[in-house]
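Trainee: I have a new model open and would like to go through it with you. Can we start with the sheet?

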Amino acid sequence: MATERSPELEQLIAGYRRFREHGWTPRLERWQQLKDGQEPQVMIIACSDSRVDPAQIFDTDPGEMFVVRNVAAMVPPFETNPGHHGVSAALEFAVQVLKVKEIVVMGHGMCGGCKAALTQSLKGAEPGEGGFVADWIGLLDEAREPVVHEHGTEGRTAERAMEQAAVKVSLQNLRTFPCVRSKERSGELKLRGAFFAISDGVLHVLDEASGAFEPVA
Ligand SMILES: [Zn+2]
């Protein structure tokens, strides 16, 4: 029996055809340059949220950014316990093999993962029923405390504070990786926090000295 294409797949294939016409064929030279390997200078850690695609926000070409996206743009701390460490594997590859010069952690406005961390709405859920997310955003439990203390658990002020605190947690966790720490110290690698507010479309960059996210002019 022939499998019928769903409307969703049809839409993807229509997009693929546009890509072939506008992104592939006219740019064959660029694809040729990339076919044997990549040399991105930047790693981006962003949220899986469908509204914040780093390649779109930074208007990059293929081959320019090594991207990890996950719930709430989190980096876990350096851990060697059993399990499958997907973010750590990508980080290790980017830093040690690709030798990226910059890692940008980009949080975003209206982040569902950060909201769940703030409200703890998935606490106690079973794996597959919200438990994986609950465990993952448990990475934010400590950072949540001062946010809740200052802003409570509801409303955009509290949510935005949680979203920006999450970026700082990921930066802090990045620095628990020995390879990241040593390369940052030697100047081979820079770490940046960023925040893209989809309500206004403005990119903010973290000033780590002051802790403030400043809009990019
Ligand atoms: Zn998000």
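Trainee: How many bridges join S3 to S4, and do they run parallel or antiparallel?

Mentor: Seven bridges join S3 to S4, and the two strands run parallel. Two strands count as paired if DSSP finds at least two bridges between them. Helices (H or I, at least four residues) and strands (E, at least two) are DSSP runs, numbered from the N terminus. Before going on, note that this is a predicted model: local features need pLDDT of at least 70, side-chain atom pairs count only at pLDDT 80 or more, and totals for chains, interfaces and linings use all residues. Residues are numbered from 1 along each chain as its sequence is written, and side-chain values use heavy atoms, with hydrogens and water left out.

Trainee: Which residue of S4 stands opposite Val105?

Mentor: Gly193 in S4 stands opposite Val105.

Trainee: And what is the strand order of the whole sheet?

Mentor: The order is S2-S1-S3-S4-S5-S6, in an open sheet of six strands with mixed pairing. Strand S2 (65-70) and S6 stand at the edges with a single partner strand each, so one side of each has no neighbour in the sheet. On average, neighbouring strands are turned by 25° against each other, direction ignored. Axes here are lines fitted to C-alpha atoms, for helices over the stretch in contact, and angles run from 0 to 180 degrees between N-to-C directions.

Trainee: How do S4 and S5 pair?

Mentor: S4 and S5 are antiparallel, over four bridges. Phe196 has Leu203 in S5 as its bridge partner. The hairpin of S4 and S5 has four residues between the strands, and Gly201 takes a positive phi near 70° there.

Trainee: Is S4 mostly covered or mostly open?

Mentor: Mostly covered: six of the eight residues of S4 are buried. Buried means under 20% relative accessible area, exposed over 50%, and partly exposed in between (1.4 Å probe, protein chains only).

Trainee: Where does H8 lie?

Mentor: Helix H8 (residues 156-174) lies across S1, S3, S4, strand S5 (202-207) and S6, at about 165° to S4. Glu163 is found in H8.

Trainee: Is Glu163 buried or exposed?

Mentor: Glu163 counts as buried, because its relative accessibility is 2%. A polar atom of the Glu163 side chain lies 3.0 Å from the backbone nitrogen of Met110. That is a polar contact: a pair of N or O atoms within 3.5 Å, where within protein one must be able to donate a hydrogen and the other to accept it, and residues adjacent in sequence count only if both atoms are side-chain atoms. Leaving aside neighbours within four places in sequence, Glu163 is in contact with residues including His108, Cys111 and Phe195.

Trainee: Which residues coordinate the zinc ion?

Mentor: Cys47 (SG), His108 (NE2) and Cys111 (SG) coordinate the zinc ion, at 2.0 to 2.3 Å. Donors are N, O and S atoms within 2.8 Å of the metal (3.2 Å for Na, K and Ca); water is not among the atoms, so sites may look incomplete. The spacing of the donor residues in sequence is C-x60-H-x2-C. Cys47 in strand S1 (residues 42-47) and His108 in strand S3 (residues 102-108) are 61 residues apart, so to speak from distant parts of the chain. 

Trainee: Are those two buried or exposed?

Mentor: Cys47 is buried, with a relative accessible area of 7%. His108 counts as buried too, at 2% relative accessibility.

Trainee: Last topic, aromatics. How many aromatic pairs are there?

Mentor: The count comes to six. Rings of Phe, Tyr and Trp (its six-membered ring) pair if their centres lie within 6.5 Å; planes under 30 degrees apart count as stacked, over 60 as edge-to-face and the rest as tilted. The rings of Phe19 and Trp31 have centres 6.0 Å apart and planes at 90°, which makes the pair edge-to-face. Phe19, Trp24 and Trp31 form one aromatic cluster.

Conventions:
Contact means heavy atoms within 4.5 Å.
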